[in-house]
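Visitor: I am new to this structure. Please show me how to read it, feature by feature.

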Amino acid sequence: MASRGNFNSRLGFILASAGSAVGLGNIWKFPFEVGAGGGAAFLLIYLCFALLLCFPVMTAEIAIGRRTNSSPVGAFRKLGFPKWSGVGYLGLASGVLILSFYNVVAAWSFGYFFEMVRGNFSIGANFSDYTADLIKISIYGVLFMSATAFIVSRGVSQGIERAAKIMMPSLIILILGLIIYSLTLPDALAGIKYYLLPDFSKLTGSVVYSALGQAFFSLSLGMGALITFGSYLKKDTNIVSSAAIITVSDVSIAFLAGLMMFPIVAYLTQGDLQAISQISGEESFIFQTMPAVFESLGSTLGVIIGGLFFLLLSFAALTSTISLLEVPTAFLVDEKKIQRSKATWLVALVVFLVGIPSMLGAGSSSFFADFIRLPGMENSMSFMAVVGLVGGSTFLSLGGFLISIFTAYVWKKRNFNEEIYYENEGRLGRLLRLYVDFAIGVICPIVLGILCLVTILNNYFGISW
Ligand code: PHE
């Protein structure tokens, strides 16, 4: 059998997985959810979910992948439970759905990079015209998907690992540079204060719910992305500590993204806390408001800082789209014996086509913009929002719930523990492993079961508390 490929080093695996985790979720979505959810109060809850709940699920996914050397569909079968490969198919569907709209937002970001470099700061005010410009967005979309496919088609070590080794350090340098800069802006301190002093009065059930969903999405869990990456992992790697490092990296970068954004928002609002909360809590904040901030920095500095900011966003998105594309690609390679590069471009094409209605719904077609009104909603949802709800929230939480049940009660903890046991794990490592072992059978199924149930009842049936 031809080799499926492997990560050359543990560092490569960690960087690629952290790259999958760090994405638009961290830099675009996280700051506005913090803005809407009471600053540091949201941050704290998010942190708890990531460490207590997501980390064990991540360990389980990596263990399943490494034990079977197989992408999600085959993995469940190889462990002896063919009926559970449904979870793998669910993951495939999530991957295709998420990538279809993710690529559109990535295309906007990528396009913004060029607009900033050209000094076109008025783009923020014309955001809806920009997203409605089908030709432009299609070109950026094709370019972005092609970059993703190019990297994935080159294989695990030559493509994915190499790209992560270049892009992740660049991303960290960019973000640190931008933080240093944003801290020098007038009123920066007010932004930091908003970000780091918790306002627990804003902490409602729905904020807790979004923190959980956000943590889960941000760590790329529930669709088998980490089963797939884990399947390329060498046997002598410590899974528990790797998962811990990936989780902490993702959370840290989300934290840093906030540290970069809130001083900028405070500068814009001249330190008015009320206004900070209002502005940063809007979904299109990055695209609509940020260009004006860059403009106020003057033409040269604005081009540099604005360009770097959207370059950062595009890099973060690219390391995530790589992992999203890898899941269905690995399925075709493993299960259908299709050659990797053919499989990659085929999936990329299909996903791009699936994404067209999402693209259209952002301004050029009112049919896809007001696509459906679900019983739980006041307003109608765009096609993109529906795909996000189905593939991003519903399928991921269901997948995560099923993966934890599977690991603890079907595959069984004994086997799971055997896979994650590491000889020189150390005292902290042992403690973490024991925690994972406990959480995967108790905390994860209960909390993820609730997340999934609330998502379904609330959005599809309009039942809320
Ligand atoms: N974690 C990525 C982000 O935060 C998105 C993602 C979800 C990637 C699921 C892969 C799988 O942007």
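Guide: Start with aromatic pairs. Rings of Phe, Tyr and Trp (its six-membered ring) pair if their centres lie within 6.5 Å; planes under 30 degrees apart count as stacked, over 60 as edge-to-face and the rest as tilted. This is a predicted model: local features need pLDDT of at least 70, side-chain atom pairs count only at pLDDT 80 or more, and totals for chains, interfaces and linings use all residues. Residues are numbered from 1 along each chain as its sequence is written, and side-chain values use heavy atoms, leaving out hydrogens and water.

Visitor: How many aromatic pairs does the rule give?

Guide: The count is 36 aromatic pairs. Take Phe294 and Phe309: the ring centres are 5.7 Å apart and the planes meet at 50 degrees, so this pair is tilted. The pair links distant parts of the chain, with Phe294 in helix α15 (residues 290–296) and Phe309 in helix α16 (residues 299–336), 15 residues apart. Helices here are DSSP runs (H or I, at least four residues), numbered from the N terminus.

Visitor: Is Phe309 buried or exposed?

Guide: Buried means under 20% relative accessible area, exposed over 50%, partly exposed in between (1.4 Å probe, protein chains only). Phe309 is at 1%, so it counts as buried. Phe294 is buried too, also with a relative accessible area of 1%.

Visitor: What kind of pair do Phe309 and Phe310 form?

Guide: That pair is edge-to-face, with 5.0 Å between centres and 90 degrees between planes. Both Phe309 and Phe310 are buried. They belong to one aromatic cluster, along with Trp108, Tyr112, Phe127, Tyr130, Phe287 and Phe294.

Visitor: Which residues come nearest the ligand?

Guide: A residue is near a molecule if one of its heavy atoms lies within 4 Å of it. Of the 14 residues around the ligand, the nearest are Ala21, Gly25, Tyr102, Phe217 and Ser218.

Visitor: What sits over the ring of Phe217?

Guide: A charge sits over a ring if NZ of Lys or CZ of Arg is within 6 Å of the ring centre and within 35 degrees of the ring normal. Here it is the charged end of Lys29, 5.1 Å from the centre of the Phe217 ring. Phe217 is one of the buried residues of α10.

Key
Helix = DSSP H or I, 4+ residues; strand = E, 2+ residues; numbered from the N terminus.
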